[in-house]
Amino acid sequence: MGALLGLVFGLGLLLIWRSGPRKPARAQKASTFTMKRTELLRQAGIASVSSAQLLFMQIGAGFLAFLLILLATSTLTIAICFGLMASLAPYAVVVRLRNRRTTELRDVWAEVVDNLASGIRAGLSLPEALSSIGNRGPETLRGPFQQFGADYRAIGRFMECLDRLKDRLADPVADRICETLRIAREVGGTDLGQVLRTLSAFLREDARTRAELEARQSWTVNAARLAVAAPWLILILLGTQTTTLQAYDSPGGTLVLAGGAIVCVFAYRMMVRLGRLPSEGRVLR
């Protein structure tokens, strides 16, 4: 009897331990990291590149820069600094493309909503109104809406095609439009046209305000970027002198480089955080 109770007790402990959040938490963390980078690539309009490929590009760029600087200066510390900076370059390019595309889409979403409202007012069904944007909508967004039309003709399930469209667009405004159409499809109603016209007016006002604010702060952001890049450009110029290279090979020189890198990263991140305009998150994904 005691052996049976011990076996049951041990089995219970094993089940409790196996049901713990350890392994699922790690898997969820890894998938969240991959999902964020994948969404960033979609928002930048680079759907053909995966998160793993972007990571390999970062590693390759950092290793190549490390070798070039090491061959040019024969100084390990300087090569490591520029290798780390080069490894962030592909990611920074993707972020810049994402911001540029977001700015471009901000100016055309109102036109998309107007086309939807016109199509619905003309008697088109919701799938037909969305598919028509692939033919007469803004050039930047025709591709995803053409794919929506192809998906709907292939499977005929509006909700599933709408989810695919949301994933391709990866934009908070697109999420809002898709969820509005989903509710209209499920519960019906006659207020969809008025809702879309109100949303169009709001989007135009928001785009005009943001464009004005970004124009005013652009010179400050560019000046901050130049201030961060200037010390490292001077370091490259000084790296052509033998005495400078010997100084940075010492432990004191290594500390100076590490301290300068930390200060530059901290100052730039603070500048970006303080000057960042509030952006709408994807709460309806």
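What follows is a short chat about a predicted model of a protein chain.

Colleague: Hi! How many helices and strands does the protein chain have?

Modeller: There are 12 helices and 0 strands, where helices (H or I, at least four residues) and strands (E, at least two) are DSSP runs numbered from the N terminus. Residues are numbered from 1 along each chain as its sequence is written. This is a predicted model, so local features need pLDDT of at least 70 and side-chain atom pairs count only at pLDDT 80 or more, while totals for chains, interfaces and linings use all residues; side-chain values use heavy atoms, with hydrogens and water left out.

Colleague: And how much of the chain counts as buried?

Modeller: Of its 285 residues, 32% do; buried means under 20% relative accessible area (1.4 Å probe, protein chains only).

Colleague: New topic: how many aromatic pairs are there?

Modeller: The whole structure has 3; rings of Phe, Tyr and Trp (its six-membered ring) pair if their centres lie within 6.5 Å, and planes over 60 degrees apart count as edge-to-face. One of them is Phe82 with Trp232, whose centres are 6.2 Å apart with planes at 85°, so this pair is edge-to-face.

Colleague: Which parts does that pair tie together?

Modeller: Phe82 sits in helix α4 (residues 76-87) and Trp232 in helix α10 (residues 192-238), so the pair joins parts 150 residues apart in sequence. Both Phe82 and Trp232 are buried.

Colleague: What about Phe148 and Phe158?

Modeller: Their ring centres are 6.1 Å apart and the planes are at 90°, so that pair is edge-to-face. Phe148 and Phe158 are buried too. Ring pairs also link Phe148, Tyr152 and Phe158 into a cluster.

Conventions
Buried means under 20% relative accessible area, exposed over 50%, partly exposed in between (1.4 Å probe, protein chains only). Rings of Phe, Tyr and Trp (its six-membered ring) pair if their centres lie within 6.5 Å; planes under 30 degrees apart count as stacked, over 60 as edge-to-face and the rest as tilted.
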